[in-house]
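Please consult the sequence and the structure shown here alongside the text.

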Amino acid sequence: MELPFAESWKIKMVEPIRKSTREEREKWIKRAHYNLFQLRAEEVYIDLLTDSGTGAMSDRQWAGIMVGDESYAGAKSFFNLKETIEKITGFEYVIPTHQGRAAENVLFSYLVKEGDIVPGNSHFDTTKGHIEGRKAIALDCTIDEAKNTQLEIPFKGNVDIQKLEKALEEYCDRIPFIIVTITNNTAGGQPVSMENLRQVSKIAKKYDKRVIFDSARFAENAYFIKMREEGYGKKSIKEICKEMFKYADAMTMSAKKDGIVNMGGFIATDLQEWYDGAKSYCVQYEGYLTYGGMNGRDMNALAIGLDENTEFDNLHTRIHQVEYLAKRLDEFGIPYQRPAGGHALFIDAPKVLTCVPKEEFPAQTLAIELYLEAGIRGCEIGYLLADRDPLTRENRFEGLDLLRLAIPRRVYTDNHMDVIAVALKNVYDRRNEITRGVEILWEAPLMRHFTVQLKRL
Ligand SMILES: *Cc1c(COP(=O)(O)O)cnc(C)c1O
């Protein structure tokens, strides 16, 4: 008999979590104005708000913390980090920053000017923010298939090469670079194929443009290439990473994701010109070049995290867990963005709460119901997050209305996944009794989802 699957680690340190009663949760969520960001973390049993900075470090990473070098200039920890990044990506120049958006801020301060157009595949919120904040345009060239939640294709995060070529033909002079997000977070943690990265690189060369990878989940992307793309099954994750980054000139990284640290980020590139251009912004916004926004000890932990998380067993354990939860949801017929992504499942809320009108925010209502059911905190990625149209001030209901269940790395067990699945099933079973959603009492003009105050109808 074949041995069953099990995690590639054992547990050395635990953190107790507490269950609560439905009465307590009713009181807490009311006090939070039905906004899950406003809950205290102790009021949550299983926290799936995000996979960013919520992972569990290994014993090796904690050991690295103890031997961190806090020298202002030339710290040994910086060189540990730089050498690891160079080994994995091939990029020689490294600028540490305090997190991913800071890497964007430093690099884009040098590269993006008013009136520029930056094509890419579903730019992440902060990436878009740093482009639009400089009065430039983030042009989405993701394949159309990404919008159909029920379609199962292996690389749903891909760039549509025709859309990209059209943009390059039309706006060539205004394009400072192309940005590819791996994995494509906004489309549901969906991977980009090696073939697609190769095509982007080829077309960029044709128009003499550079390519940046927004690399928060590059290791998960490499895992999907190994498992799904022809010719890569026998390659190691590190070999695949090296090949992926051959098709880029630079990367920005949120180390809070695939670096498995609680805070951190960096820029890496093999263009000395870009490094020289960006480094003064690092000194201005983040700190001196050999620490940027990070402590020496944190650079050590990150170097070790990057090395560990570009090993197959670690990634297999993680993505297996996301797929395990997906299988449980399939058993109960609960609809989500298919196939399961690398870091999260995205529940298609209007297909679950069919009686709740869109004006009453189905995904937010589902998030509240799941919290009331079992103390599980998900995150609305839907009509609330979409904000209002800047001109008409109308709510934007054109996109998807999803409940994201983000799985932290190395934190919960498959038993927790079972609790999540059954709690969702219980809500799903009484979906026809849930006929009303929420109404907005107060909202901020931008990024309202963090602070919105709601009333339950
Ligand atoms: C999280 C993330 C960022 C921003 O990183 P922070 O560390 O949160 O500042 C940028 N791009 C992608 C794809 C991300 O997932």
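Ala, Val, Leu, Ile, Met, Phe, Trp, Tyr, Cys and Pro count as nonpolar, Asp, Glu, Lys and Arg as charged, and the others, Gly among them, as polar. On that basis the shell around the ligand consists of 2 nonpolar, 6 polar and 6 charged residues.

The model is predicted, so local features need pLDDT of at least 70 and side-chain atom pairs count only at pLDDT 80 or more, while totals for chains, interfaces and linings use all residues. Residues are numbered from 1 along each chain as its sequence is written, and side-chain values use heavy atoms, with hydrogens and water left out.

**Ligand surroundings**

The ligand is surrounded by 14 residues, with Q99, R101, D214, S254 and K257 the closest; a residue is counted if one of its heavy atoms lies within 4 Å. Helix α4 (residues 100-111) gives the most to this shell, with 3 residues. Helices (H or I, at least four residues) and strands (E, at least two) are DSSP runs, numbered from the N terminus.

| Residue | Protein atom | Distance to a ligand oxygen atom |
|---|---|---|
| G100 | polar backbone atom | 2.9 Å |
| N185 | side-chain N or O atom | 3.0 Å |
| K257 | polar side-chain atom | 2.9 Å |

Taken alone, the ligand exposes 380 Å², of which the protein buries 97%; the areas come from the Shrake-Rupley method with a 1.4 Å probe.

In helix α8 (residues 218-228), 9 of the 11 residues are buried, that is, under 20% relative accessible area (1.4 Å probe, protein chains only). Among them are F218, Y223, F224 and I225. The buried residues of α8 pack against several elements, including α3 (76-89), α7 (194-206) and β7 (250-254); contact means heavy atoms within 4.5 Å.

In helix α2 (residues 59-66), Q61, G64 and I65 are buried. They lie on the same side of α2 because they cover an arc of only 105° around the axis, taken from the directions from the helix axis to the C-beta atoms. The buried residues of α2 pack against α11.

**Residue D387**

D387 lies in the loop between β11 (379-381) and β12 (402-406) and is buried, at a relative accessible area of 7%. Its side chain reaches the backbone nitrogen of M447 at 2.8 Å and that of R448 at 3.2 Å. Leaving out residues up to four places away in sequence, D387 touches N395, R396, L446, M447 and R448.

Notes:
Buried means under 20% relative accessible area, exposed over 50%, partly exposed in between (1.4 Å probe, protein chains only). A polar contact is a pair of N or O atoms within 3.5 Å; within protein, one must be able to donate a hydrogen and the other to accept it, and residues adjacent in sequence count only if both atoms are side-chain atoms.
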